[in-house]
Every structure is written in C-alpha cells, then in structure tokens.
Amino acid sequence: MRDPDDELIRLSQQGSKTAFGKLVDRYYEMVFVLAFGILHHHEGARDVTQDVFLKVFREIKNFKGESKFKTWLYRVAVNAAIDALRKQRPHEHLDGTDVSDEDEKPPLIVLDRRAGPREKASESEMRALVREALDKLSPDHRAALVLREWHELSYEEMAHALGIELGTVMSRLHYARKKLSEILSLRLMEY
Amino acid sequence: MANGRNNDEIKRLYQDYVAKELDRSRLLQEKDDFLKAYFAGWPLLGVLQFLPSLVLIVMIAVLVWIDPRILHHPEKISTPAMILTTREVFGEPPPVVIKRIVSRTGPTLVYQKHYEKHPITIIWIFSGG
C-alpha cells in the first residue's frame, strides 16, 4: 500500500525542511498525545515531541519505507516517551507483567448523577481518579492504552508500532484496562 | 458481555480524561513556534510584511536629506542671543576667542580657535543659570 507521505518523505530525505515541516504539521498532535499519554504532563510531552521530530529529521535518510512513516514515527515516539519517563522515575519497577497489588483497595467513590454544581466536582474527581490509576501503570501499559483508546490503532498496528508480538499487545492492554477497572470499580458497577 | 461493556467504559473514561487534560490551544501554539524555529523557509509573505515599514523609513530618510530642517521645529523668539563680551587669549596662534553670550538657553560661552583648515568652536551653555 502506498504511503500517503511518500512525496514529503522523499523531499525530506533530500534535505527539504519545508517538506519535513509539512510532516511535522501533519503529525505533531498525534505524537504529542502519545507522549502525553505516557508522561501525563504537558511540558514533558512537548519536549519529547519536539525531540522526536528533530531526531526523525536527522535520521530520515535511513528510512527505507519497510513500514509506513506513521508507524515508524509511533515507534520512535513511544521509545522516546518511555525513556523520558524512566529518566524521571528511575526508581520505579517497570515490569510489563505486574499483577495487581492485592493490598491496595480502590477508593470508594459515590457519584452524584443529579444535574447541577455537583456534576462538575464529579467530573474532576473522575479525572483525578483516572489519572491516579494511569500513574500506577508502567510506561509500556500507558503506551498500549493511548495507542488503543485514543489513537484507535488495531492490534496489528500496535504490534508494529511497539515492536512487539500481537499476544504481548493484547496482554498489556488487558492488564492496563483491568488495573483501571479496579480503581474505578464502583463507577462501573452502576451499569 | 460485561467485559465488553467495561472496555467501552474504560475507553470513554480515558478519552474524556485526555480530551479534558489536553490544552489544545497551547499545543497548537507550540507547534507553530517549533515549525518557525526549525522548519520554516523564508516565506515570501514574511518579506512583504516589512515592505510598508521600509517604504516609510526610506521616505523619511529622503525628506531629511532634502531638508534637514524638517526635523526641527523652528521657534520664533522675541529676544535673540546677544554677545556681551568678546576677548582674545593669546597663546599658541591662532588666539582663542572667547565670547560671552546671553540667550534664552542660559549664559553661554563660546570658545573659538580659527585654525585655517579645521576651525574649532566649543559652545558651553550654563542652562538654568
């Protein structure tokens, strides 16, 4: 299948900053959200995003087109974001097959479904809980979640982007969702 | 299936979280800044936007060159400056001519040495005096 970025890639490989700038314009937000999904803060995501594009521009001559440019970009971005998170939190155990911490109980949440001022508090409570849950995930699990739940990649695309087997993709996703569910379990029980 | 429903809920919560946490306007501004800093060529429009300013500067320069007096606002004065005293101090020729002048600016001393090729004039104004 022809890569829609072929022409811009070809010109970028010849050194055209204008052509590469169009690739940046096209994919900046995609890379940023990916980095944000792993790092959970804006400044870190911005730094990683810009580093990724500078690195890709330097190395684009080596891009052979064996995968789509977008897939390559995902992989560079995931690796860069994970490296950045590991530098921030070097003491963390980053095993991708962590089991739930049985000693940890999810907090009790009561969401008030009535319309009015309390709705806003509930929304921000929920976001805080989601963030808390995401912070407990390893970088690999965060990457799996953002690629699936935000970028809506297929499992195969995720496997290519992450450079892992399909089974590992599904296992990471399953664990990440399970972990999130545990913390938000009371919310889900309302259905 | 409960599992499928849970997954849909997780997706919804996740998307809601990211959408609300993301400062999109800041993101777009940072993208523009980044593009300008590293990947922008020299746009034609970028040059043209300076054109009106350049034209104005050239016009002012031409006008000043034609008549420097346009930079000044000549003011009519009723009392012109007056030379009170003049004296010459003899030393190495030519002598120094010192003039005491009364003017609206204040007491003024003018020192002149009339070298043939490079006459020197020093005007010393004691303003507010």
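Modeller: The largest nonpolar core has 68 residues, and F53(A), F69(A), L73(A) and L147(A) have the most contacts inside it. Helix 2 (residues 17-39) of chain A gives the most to this core, 15 residues. This is a predicted model: local features need pLDDT of at least 70, side-chain atom pairs count only at pLDDT 80 or more, and totals for chains, interfaces and linings use all residues. Residues are numbered from 1 along each chain as its sequence is written, chains are lettered from A in the order in which they are written, and side-chain values use heavy atoms, leaving out hydrogens and water.

Colleague: What is a nonpolar core?

Modeller: In soluble globular proteins, nonpolar side chains tend to be buried together. Here a core is a set of buried Ala, Val, Leu, Ile, Met, Phe, Trp, Tyr and Cys residues joined through side-chain atoms within 4.5 Å. Buried means under 20% relative accessible area, exposed over 50%, partly exposed in between (1.4 Å probe, protein chains only). Helices (H or I, at least four residues) and strands (E, at least two) are DSSP runs, numbered from the N terminus.

Colleague: Which residues is L147(A) in contact with, leaving aside neighbours within four places in sequence?

Modeller: Contact means heavy atoms within 4.5 Å. The partners of L147(A) include L34(A), Y74(A), V78(A) and L162(A).

Colleague: In what order do the four strands of the chain B sheet come?

Modeller: Strands of a sheet pair through backbone hydrogen bonds, either parallel or antiparallel. Two strands pair if DSSP finds at least two bridges between them. In chain B the order is 1-2-3-4, an open sheet with antiparallel pairing. Strand 1 (82-89) and strand 4 (120-125) of chain B are at the edges with a single partner strand each, so one side of each has no neighbour in the sheet. Strand 3 (residues 106-113) and strand 4 of chain B pair over six bridges. V110(B) stands opposite I123(B) in strand 4.

Colleague: Is P119(B) buried or exposed?

Modeller: P119(B) is exposed, at 54% relative accessible area. It is in the loop between strand 3 and strand 4 of chain B. Not counting residues up to four places away in sequence, P119(B) touches K113(B) and H114(B).

Colleague: How many residues of chain A are in contact with chain B?

Modeller: 39 residues of chain A are in contact with 29 residues of chain B. The rule finds seven salt bridges across the interface. A salt bridge is a side-chain nitrogen of Lys or Arg within 4 Å of a carboxyl oxygen of Asp or Glu. E29(A) and R24(B) meet in a salt bridge, 2.7 Å from N to O.
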